[in-house]
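Hi,

Here is the structure I promised to pass on.

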Amino acid sequence: MKKIGILFGIENSFPGALVEHINARNIEGVQAEFVETGAVHLDKAPHYSVIVDRISHDIPFYRAYLKHAAINGTVIINNPFWWSADDKFFNCALAARLGVAVRETVILPHKNLPGDTTDRSMRNLEFPLDWESVFAYVGEHGFLKPVDGGGWRDVHHVHNREEFFKAYDQSRDQCMMYQKAINFTEYFRCYVVGQKKVHIMPYDPGKPHAERYLQAPPSDDKKLLKRIEQDALTLCCALGYDLNTVEFAVENGIPYAIDFMNPVPDADQNSVGQANFDWIVREVADLVIAKAKTAPHALDSRWEAFLGMGAASVKTAKPVKKASTVKKTAKTAELRPKKAVAKKTAVKTA
């Protein structure tokens, strides 16, 4: 029996619907259930052919369990090794390298020192930080957010320097990313499943969470939709994600990739709407059933293997020269450390 396990936390609608949908197909030799585990023994492989991971980003025990399962042949959606190494700033750098439009972005030193560090730990850090170069590159209207965050945690929309520094002062010891805002005319969130299927959904990030998925046709601009679909596939293939959402904000006809590190995308029936919910349940079911039939999977633990086909694309891709994606990139040189100084225990903001 090829077992498909769903590992989840507080969410209700998607895990149950996925298990029910898979089992309702009555496929011989394939069965879905909720994962159950206790202490994990080194010499005992999990009995699941596939595990859909919806919670390990919050629980280190589950992440370690999934890595053990993967090394023993279980297919994990999404890959726990690559996911553990991912961050939003790298994603932006990868997107730019692949020719996907992204806005000007910087990462910033921690406002407060991370735990178990002192001012001597920061001797390679430029002081004072060249804030003028940051604002010259990104501007004063943007979004400040954790480089490894999710679920809109600690995300700040700022319109000027005063708002920026107020938000930055509240960031504690997190590594923050600052990205230029987009005056978008259209906004889309796209489910991407199996690095092959894309479902484009009109989306309004300014509305309450339960109202963001707009119940309307995505757009009548076929050329725009085709580019969004292709860019979403390009990103997910390079990242190696089998389940993800990619968000695009459209400004002057250009779809800018905004957020595409969502290996546990929202799939709650009450927020995404019935039609979107039915699509994601059906397509994930198709994906995991196909994966189960070919399991067990021999894991290649080398990092380049986690990128799959995307690795070749990144290696051969040429830097984007379009002004819309790399405008002012020469300014990034100004962010490099000028000298090693250890004078303060926190980054000065004014």
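This is a predicted model: local features need pLDDT of at least 70, side-chain atom pairs count only at pLDDT 80 or more; totals for chains, interfaces and linings use all residues.

Residues are numbered from 1 along each chain as its sequence is written, and side-chain values use heavy atoms, with hydrogens and water left out.

The chain has 350 residues, and 49% of them are buried (under 20% relative accessible area, with a 1.4 Å probe and protein chains only). Its accessible surface is about 17500 Å², 53% of it from carbon and sulfur atoms (Shrake-Rupley method, 1.4 Å probe). I count 12 helices and 12 strands (DSSP runs: H or I of at least four residues for helices, E of at least two for strands, numbered from the N terminus). Take the contacts (heavy atoms within 4.5 Å) between residues at least 6 apart in sequence: 71% join residues at least 24 apart.

Now the sheet. It is open and antiparallel, with 4 strands in the order β5-β8-β6-β7 (strands pair if DSSP finds at least two bridges between them). β5 (105-108) and β7 (156-158) are the edge strands; each has a single partner, so one side of each lacks a neighbour in the sheet. In the antiparallel pair β6 (residues 142-146) and β8 (residues 176-180), there are 5 bridges, and Pro146 sits opposite Met176 in β8. Helix α6 (residues 161-169) packs on this sheet and touches β5, β6, β7 and β8.

Cheers

Notes
Buried means under 20% relative accessible area, exposed over 50%, partly exposed in between (1.4 Å probe, protein chains only). Axes are lines fitted to C-alpha atoms, for helices over the stretch in contact, and angles run from 0 to 180 degrees between N-to-C directions.
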